[in-house]
Amino acid sequence: MIMRGLEGKSNARLRFIGFTGNESMDRRTAMVYGDDIGLSTARARRVMDLVKKELNLSDKQVEHEGRGSVQSDDVVNQGFTNTGASYVLIEAVYDDLAT
């Protein structure tokens with residue numbers, strides 16, 4: 001199971017991060033989601049719900065967010081980018097005490 005590698009870690013969970021392509025949204029999509037961040041958040045939520053159900057995860061084991069079309073998954077090293085692809089990135093994360 002995916003969570004097996006996180007056994008013993010504090011607050012282990014899967015993070016679903018949505019990104020959208022850089023194409024303009026049509027009027028109807030904009031009315032529903034507001035902007036590209038709203039659309040990418042909704043996509044991440046849908047993927048999260050499917051994986052959560054399939055793996056029988058609790059609400060505490062999943063989280064989601066949307067980053068829209070201008071943020072890369074590595075802003076520190078890549079900066080802001082406009083990619084043509086829409087996708088959802090899944091990260092396995094946990095809390096670690098700072099030392």
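How many salt bridges are there, counting a side-chain nitrogen of Lys or Arg within 4 Å of a carboxyl oxygen of Asp or Glu? The count comes to seven. The model is a predicted one, where local features need pLDDT of at least 70 and side-chain atom pairs count only at pLDDT 80 or more, while totals for chains, interfaces and linings use all residues. Residues are numbered from 1 along each chain as its sequence is written, and side-chain values use heavy atoms, with hydrogens and water left out.

On to the sheet. Strand β1 (residues 10–19) runs antiparallel to β3, joined by eight bridges, and leucine 14 faces alanine 92 in β3.

Back to the charged side chains. Arginine 13 and glutamate 63 form a salt bridge at 2.7 Å, N to O. Since arginine 13 belongs to β1 and glutamate 63 to β2, the pair ties together parts 50 residues apart in sequence. Arginine 13 is buried at 9% relative accessibility (buried is under 20% relative accessible area, exposed over 50%, partly exposed in between, with a 1.4 Å probe and protein chains only), whereas glutamate 63 is partly exposed at 24%. Glutamate 63 also meets arginine 15 in a salt bridge, 2.5 Å from N to O. Through shared partners, salt bridges join Arg13, Arg15, Glu63, Glu91 and Asp95 into one network.

Definitions and conventions:
Pairing = 2+ DSSP bridges. Helix = DSSP H or I, 4+ residues; strand = E, 2+ residues; numbered from the N terminus.
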